[in-house]
Structures are given as structure tokens and as C-alpha cells.
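Open the model in a viewer and keep the selection panel at hand. The stops below go from one chain to the next.

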Amino acid sequence: MKLTLKIWRQKNAQDKGGIVEYPIDGIEPDMSFLEMLDVLNEQLINRGEEPVAFDHDCREGICGMCSLFINGEAHGPDRGVTTCQLHMRMFKDGDTIFIEPFRAKAFPVIKDLVVDRSSFDRIQHAGGFISVNTSGNTIDANTIPINKHDADKSFDAAACIGCGACVATCKNSSAMLFVSAKVSQYALLPQGKVEAVDRVLNMVHQMDLEGFGNCTNTGACEIECPKGISLENIARMNREYLAASLKG
Amino acid sequence: MALDSKIPNGPIADKWTNYKDHINLVNPANKRNLDIIVVGTGLAGGSAAATLAELGYNVKAFCFQDSPRRAHSIAAQGGINAAKNYKGDGDSVYRLFYDTVKGGDYRAREANVHRLAEVSANIIDQCVAQGVPLAREYGGLLDNRSFGGTLVSRTFYAQGQTGQQLLLGAYSAMNRQIGRGKIKMYNRHEMLDIVIVDGKARGIIARNLITGEIERHSAHAVVIGSGGYGNVFFLSTNAMGSNATAAWKIHKKGAFFANPCYTQIHPTCIPVSGDHQSKLTLMSESLRNDGRIWVPAKLEDAQAIREGKKKATDLSEEERDYFLERRYPAFGNLVPRDVASRAAKERCDAGFGVNKTGEAVYLDFAAAIKRYGTEDAYVKGLDDKDAALVTKLGAAIVKSKYGNLFQMYYKIVDEDPYTTPMMIYPAVHYTMGGTWVDYNLMTTIPGCFSIGESNFSDHGANRLGASALMQGLADGYFVLPYTIGDYLAPDIKMGEISTDLPEFVEAEKAVVDQINKFINNNGTHSVDYFHKKLGKIMWNKVGMARNAKGLTEAIEEIAALREEFYKDVKVPGSAYEFNQELEKATRVADFLELGELFAKDALHRNESCGGHFREEYQTEEGEALRDDDNFAYVAAWEYKGKPSDAVLHKEPLNYENIKLVQRSYK
Amino acid sequence: MAQSAQLNASILKKVAMALSGIFLITFLALHVTLNFISILSESVFNEVSHFMGYNPLIQYVMQPVLAFGVILHFVMGFILTAQNSAARPIAYAKYNGAANASWSSRNMIISGLVILAFLGLHFYDFWFPELGYKYIAGTAPDATRYYGELVHKFHSPVRTGLYCVSFILLGFHLWHGFASSLQSMGMHNKYSRFLSKVGLWFAVVVPAAFVIIALFHHFNN
């Protein structure tokens, strides 16, 4: 396959950056999108140019490290996958492909396609946990039976990989899907209910401080989420927040 | 230097309890005067950092990823073992201990494994208390499944994402401590050397991967939880960034490296599709419960399939060779990982491989679909002779069990595994070897600890499924936090350690020199070029089946490749910026040394055991032949300037509670 | 160490949007019902209009509440939009919004601005003259004037056209807004799914009814 790549190049956080065009040939449909970029980088290095920086790690769709806004969509045109699981067979010979970093004020660019998502970490520091120490004396795991329906929903929320596609794809750069997934995971479990009020207030407060936009319920995040995190979580967080505001 | 494993005396079941009762403790008021560095934030490092901070120590945690949550523990699929006996099927601490030692082909340290089995139940309690959503039954209690190599159901799981959920649990515990200021988190930082002051580990040199700055960090103890070294093969199921640098750097400063040749090759991975391949994707071992593994019985059929002239489904039952069922009638497709992997390689080497590279075998679900479909038709009172109906019903049941895996396979290979057999091939997955540690998980450098996959201690020569998660969390939550106190107790009045000490200056200079050398090298080939070459040598000569000739060649080839690497590698960009090629260069430099020690260890071990198979040492039927008289020891290597000069130290393995027998799966 | 809930928290702003939106939706339902009477019966229309215009509860309680709702909804809408665009200082070179969200959900500010412009026209047409009639000129109540005034306004094809376009944009606004307000208030269950479907019907039927009323009076007279 022969392709034209239009890639965002930016030397560092201070640099202004811009789109640079790279023609590339000899791409096989079986390659993953990141392997295609590996090929490009190998060529760039051999030509004495700087390779394109992009985040990636596990390359099996679970670590959440890879990002990329490909042809106007987070993680590209396929559904239910991260960029590392996107394959070149989704494109046609001769295509032009735009490759940009995830964009949001809360995700500043570090270099080229690499962005800083530590805002997500800071939201988690504010309340993404249950306050229990490691002791070896915690009660037996089966002491509290948990309704399977709730346990499964909690798992579905917990499946979030924290990649930031929701923010990148949202026209408002809202982080509500990410935050609500964590709030929901705990809100659905008896262990998490104890701190539920503080958790939702603290996490939403931090989310607002980070400069994410507001949710306008367009639903784009749910569709682009590689793990299919449901909008139901956002509704649950809204509910939790309202209840918490009335209490505190 | 004699190795002292510091195993406590007494009956095995009481060792850990008695030991804990008598070791030194640090009073809570003094803990806040002690700093601990934790490198790596996977299950082991993450859980250790959180627990140490809870106890009151000042923790500095480092990871090269952009968040601790991305460590590669996250990719573990299957589950975590624990001797809870919730199923009432006779499980016990002793049985878990026994299965783990036997599964490790009798090359693990008994006392460590028993401790692991003892704390396994606590891990589940701890994780549930943290809000980890483990799978449950309709009654609301936790569910279990069974895994290879055991006779009980003791594996806890969270769909196919157990590692992810457990890691997020440890990450949440870290978050709480980061929020309280007890853990200072250094994301996108890579440890490039350890600093030793007066013979004790007192800090590290790390590179800030965003700015390229070289930083000095001091502490009273250093904990390495940086995972395994499977990426020495270039292609593995490890993450792209998984590396051995932290473990190797401590080795070069005095930590012995144990059993590097014990590597687990996982049988069910998606085969390589071409030269562009950057990593291999694992498909859960659970697929072998229902899939039948086969290759064509005739060479010409295999060739026709490779050339695309025939399809798998064209071959009749008689034209297929279900080689695992043929060779191991008792265990069939469910033989342990090492056995299944070698059998697949044997068939492919003989010319029966099925994809265009010739390195793949089929994993066929047609029989399972038919079996489930017929059963379901019967249960529903439908016509179980209607082939189309049976297939439809059976496919639906297979989908409910493995749907996510089939979907993943489809996305990668673009073939529908419901209608055509999957193709699989073994891939490097886990490294049982690692830094040598004593019972306290301390390396041969005082004050430097090694936990999780980066140490060698619990899995012997082969790891059982669902045991890696158990070990990582056991070390981090329940073992290290006790044993490190014993070491730190004398240091309570020491105060903060200055990073201006000459040892820090010297270590930093060595790191800067190496980086500058790479940046100014102006060679002709990229880092990946050398890494791929190393991977080929490792896979061909130090892979699933090894022999003295190949290993001797590998040692020479790796040494030559290393020389070429330093002469000819090209690292673009500069030192003081975000530079991914430079990151790779420092990692591959260490792999190029580790690979050689790996081969050297494999060459010295004149036996076959677990993940280490020497062609010279096999039974007439081609099974692994252990030599307990001569090799029932841990091979701990001491660094002496270069890998070829490494000196072997032996820690004898004394089995007082388990009798050594030959494994058989016939 | 909990943060207390703050009135300017993003979620509470959204709830304010949702509540004012739902209030305006109920107002629309009432408005369209009253207007539709104009097609059916001139005298009944005059009667209800007169009641609405001179009932003190409606004039001095409901009308200010409505005004507050309208202003809140618009002001919040502007604030949220400004914050949202600030949340992405550098735009994408290529952004395929249509791939994952409906036009109406992505362009609430556009449909909202059209509705705001329409409100200006609408006030100019009806509300200001009404105020002038009642309070400035102090004319005595006349219970028969309303139908005539209504018909008079739809003489102009330009005005009728503007009204119709605005109603269509109102439809788009409601198409997203109705269900969105339920989600913002945390409703996500089988009832909200049913109500969302009702919302889609509402978004079609109410603007269509307004259009029919406008066209009816334009062509009928």
C-alpha cells in the first residue's frame, strides 16, 4: 500500500508545531497502525531525520498508553480498539491519513504525538481509591456477598484503560466518561459506598481544576471508547454528585 | 562470597510466622525519617510502594510509563491463584505450595514458595477490600476457575482482565498515598544506575524522559520491581518498553543474577505475520480447554496450505495430526505450557507448519462447536441432527466463553475463528530467572531488594498459570514491607542521605558518558536493527530447544553483535529532550549483555527442566530429562566486568518437604 | 478533607441547564397547545389569550419565572460554550465529529442562537406591542383582539419563513436537548429510555405544530 501521512510534528511543549507530509510505500494490510509508524520511523532514521515520537507500550490494547487522533477520530476509524489494535487493512491504497495528538488544554503536547495525561492521575489522587490499608487482617473476601449484577456493572466501569480517547474525541474535551467510570466502579460496590460522598466531590472538583470542558451529552465518548464504557456511568456520577451536594 | 539464603529454621509451615514475630521493627515515628525508592509500578512495585507509604516510610516511586497504571502487569489475562478452598475441593496452603514447586520442575526454593502459598489468601481479601471487581457467582460470592497443572479450582479472575483489575487496585492504593504526599511519584523516569555508598544501596540515577535531565535520588533502601527480561528476544508478549535495565544495572554493581536461562514460552500466541512484527499477542491458555491443536499429517498438504492452494477446512480428519493428543493421550491438549510449546515447534521444524512463515499450528474449535451445539439442541428439544442448527448453537456457546479472544484474533489476523481454525505459535512470555534474592527478598547488594518477576525466587524453572500475579502482590503487599524493616532498623538515626556524595557524582558521570556516546556515535543502523538481530539469535539458538553447539555460537554472536552495536548504532536527536530512540538504545545495550549471560547459563545447565530444554538431555520419547544429582541448585552469576567472565555461585536446593519425581503427562 | 459542592461545579451548571431546559419544554407544550387553538376556533383562542394576558398569577408570578428560566438557560449556555472551547486551545486539523455524534448534539449553540434571534423577533412582534398596549398606552382590555393580531403577523412571507426556519432549528435543539437534560440530571434507566423516545417525538411534533400554525395563518388569510 502507498499512503500519504500528514503528521503533527512539534519539537517540544514550547514549539508551535505543524503538520508535515510524509509519503510512504510498501505498507502491508496486516501491519498494525503503530507498526506502520515503526516503518516510517526506521526510514526517517536511515535518512538522518528525527523519528516521530508517539506513545505506545503493551500493543495489545490494555495499557492505555497509545493515543493518536487518526483521520479525525480517536484511535482511528475502527470501533472498540486502541490504535495499537488498528490494522492497516482499515485503509485503502492511496489514502491520505491525518495523524494528530489527542488535543485538550488538560493534555498538553510533550513532543510530536505524545501528550501529558497526568491530569487523569491527579483526578485519581483526589479520590480514586478506597481507604483501606494493607494489613493481612482484612475481612474474608466472601464476608460481603455482592449482587452479581452490580459486580458486573462495576467491572464494566473498571475496564477503563485511561487512554483519554473520551477527552480527545469530545468536542468539549470533557473528562466525564473517565471520571464517571471510576466513581461508578466504587459507587456500585458496598466497599466503596462508605466514602462515596467525599469521592465524587473531590474527583469532580479536581476534574474542573484541570481545565476539562463540560459534558454536553453528545455521546461521542461512548462510541470512541475502546472499552465501551457506557454513558450510564456519567448519569450515575451526575446522580452521585447531586446527592452529595445536597448532603454536604 | 558464599550465598546465604537466610531461610529461617523450623518446620516449613511455621517459618514465616515465627520469622515475622522475631524480626526487627521500625517504630512508626522513625519510619518517617526513612526514604525508600521503588523502581517499577506493576503489581509488585505498585503494591510495595503503597504499603510502604501506608506504614509511614517516605516512598519515591519511578516508572518509565506516563502513569503507574500502565505497567505491563496490566496485560495479564487469566487469573490469580489463592488457596482459599472456597470450592471445598480440598485445596490448602500445602497443595498450592506443592503444585507450585512441582510445576516449577523442582527448581524453586521451598521456603519462599510456602510463604507465597500462605499469603495467597490474604491477597484476595485485600483486593476485594480495595474494590477490585473480581468475578462473582449469582449468590454474590467469588467465582473460581481451574488452570493448567492443578487438580483444584483456585483461580480468581475478572473476566479476561485480571491483571488489569489487580493493577488498578494497587494503583488506587498508590493514589491514596500520592494524594497524602507519602509517595512522590516520578512518571516518565527511567532508572539508569544504582548508587552504592559504603557497600549499601543508597540511591539511583534516573533520567527524566521528558526533559532528558539526569537526576540523583537518594534513599535508605532501593526496591527493584521492574519486571522480566523477555524482550531480550525482541519479539515477546511483553510490552514494547519492558526492559531489564534496572535489574541489569544492579547486577553490574554486585547483585547476582540467578537462572537467566529459565524462560517461559507460551504456546497460544498469534503467529508472526511478517518482518514488520513488533510484538506478539497472547491468547489466554483457557482456549486449550476447548480447542484441538493439529497440523496436516502429510507434508504436501502443509505445503499446499502455506502456498494458499488449500485451506484448513479442506482436510479430512484422517489428513490431520492432532499431535498433542497423539503424544500425550492422558493430558492431550492440556499439557503444561513448556510441553505444548516444544511439541508445536517440533512439528513446524519438521515442515508441517501452516501459515506462510511455516511457523504456526492450528487451534481448532470445530469439535467444541459441534459438541456444545449438539448438547444445546438436546437441552432445548431441537433437532440435534440438523448440522446448521448445531453449528449455530455451538458457536453461540463458544462465543459466550471466548468471545473477546475470538474478537481480538479476528481484529489482528482478519480471519473468523468460528469458521476456520485459529493459527497459533509459541512466544516468549515470562522469565522465571532474575535477580537472586534471599528470604528477605534482598539481593546480594545490602539495601537493594528485588520483587515480582524481576527476582528469581518462586517459580523455579517453569511458572504455572495464574501464579505471576500472586507472586507480584505477595511480595509487594505482604512480604517486603516486613522484611525491609529488619534491614532498615539500624538506619533510623541516619537522616537524609546527601546526593552530593562522590558516589552519586561518579554514577551520574558514567550514565551521562554512556548517553553522550550514543548521541555522538553517528552510526548507520537504528537501535531496532540490532535488537531484532539479537532477538533472532536468541530465538534460534537460545529459544525453545537449545544445544551446546548453538549456545556456544550464540555467545560469540551476541558478543560480536554487541561490539557492532557500540560501533555502529545511530541515535538521532539530543540527550536533553524527549528521545525515544535514546531510551531504546540504553535498554538494548543491557539486553546485549544479558543475552550473553542467558546463553552462558543455558550452556552450563546440562539438563532439561521446565522452560529450559536442552536437546542433548531428553528421554527417548523426547521429554525433558532432569538431572537432580548435579543440577538441583540455583545458578547465581556474579558480574566480573563482562558477561563471559561471570562467576557462578551455587545455592543448593534442599527439598525437605517434597519428594523430587519426574514430571509425566502421558 | 472533602471538597464541598460548589455552585460553579461543572455538573451543577449542567443540572441548571437541564432544569431550565425542562421548564422551557413544559412552557413550549403549553404555548403550542394554546396556539393550536387558533386553528380550531377564533373565539376560544381569544378567550384563553385574554385569560393568559390578564390573570395576575400568570402575569406576575409565572411570567417572571419564565423570564428567569430563559435568561438562565441562555447565559449558562454561553458560559458553558465559552469554557468548552477554551478546553481545546488548538483545534484538530481534521475532526470527524459526524462519526460519533449527531449534528444536533454538536451544534446546540447554533440552534440555540437561532432560537435566541427568533425570540428577539417574537418579542418585537408580540410581547413589546403587548406591553405598550397594556402599560404604556394603558388601553382598556379588549377580549377579542388576539386572533386578529396573530393573523396579521403572518401576512408577511418573510416573517413566516423566518418563523418556520426557527421552528426547525428548535426541533434540532429539542432532538438532543430533551434526552440530554434527563442524562444531566442523572436519569439513566428504562424510564429515561422511554422518556427519551417521547423527547424525540416532542422534538418533531411541537416544532411541526408551530410550523403548521404559521403556514395555516399565512395561507388561510
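A residue counts as buried if 20 or more other C-beta atoms lie within 10 Å of its own, exposed if 12 or fewer, and partly exposed in between, with C-beta atoms placed from the backbone. This is a predicted model, in which local features need pLDDT of at least 70, side-chain atom pairs count only at pLDDT 80 or more, and totals for chains, interfaces and linings use all residues. Residues are numbered from 1 along each chain as its sequence is written, and chains are lettered from A and ligands numbered from 1 in the order in which they are written.

**Stop 1: the whole model**

Show every chain. The model scores are ipTM 0.98 and pTM 0.96. Contacts are used at several stops: two residues are in contact if their C-beta atoms, placed from the backbone, lie within 7 Å. Of the 2 pairs of chains that touch, chains A and B have the most contacts. Chain B and chain C share no contact, and their closest C-alpha atoms lie 11 Å apart.

**Stop 2: chain B**

Select chain B. It holds 18 helices and 19 strands, counted as DSSP runs (helices H or I, at least four residues; strands E, at least two) and numbered from the N terminus. Its radius of gyration is 25 Å, close to the 26 Å that the globule rule gives for 666 residues, so chain B is as compact as a globular protein of that length. The radius is taken over C-alpha atoms, and the rule is 2.2 Å times the number of residues to the power 0.38. Along the principal axes, the C-alpha atoms of chain B fill a box of roughly 80 × 60 × 50 Å. Of its 666 residues, 60% count as buried.

**Stop 3: B:Arg337**

Zoom to B:Arg337, which the UniProt annotation "active site" (unreviewed entry) covers. UniProt positions are given in the numbering used here, feature names are shortened, and annotations may be inferred rather than shown by experiment. B:Arg337 sits in helix 10 of chain B. Is this residue buried or exposed? B:Arg337 is buried, because 26 other C-beta atoms lie within 10 Å.

**Stop 4: the two domains of chain B**

Colour residues 268-428 of chain B as domain 1 and 501-652 as domain 2; such bounds come from an automatic or database domain assignment. Their C-alpha centres are 34 Å apart. Across the boundary, 5 residues of domain 1 of chain B are in contact with 5 residues of domain 2 of chain B. On the domain 1 side, helix 10 (residues 337-352) of chain B gives the largest share, 4 residues.

**Stop 5: where chain B touches chain A**

Select the residues of chain B in contact with chain A: 63 residues of chain B meet 64 residues of chain A. Among the helices that each supply at least two residues to the chain B side are helix 3 (43-55) and helix 13 (468-488). Helix 6 of chain B gives the most, with 9 residues.

**Stop 6: the domains of chain A**

In chain A, select domain 1 (3-110) and domain 2 (117-247). The C-alpha centres of these domains of chain A lie 29 Å apart. Here 18 residues of domain 1 of chain A are in contact with 17 residues of domain 2 of chain A.

**Stop 7: chain C**

Chain C averages 93, and 99% of the residues score at least 70.

Terms used. pLDDT = per-residue confidence, 0-100.
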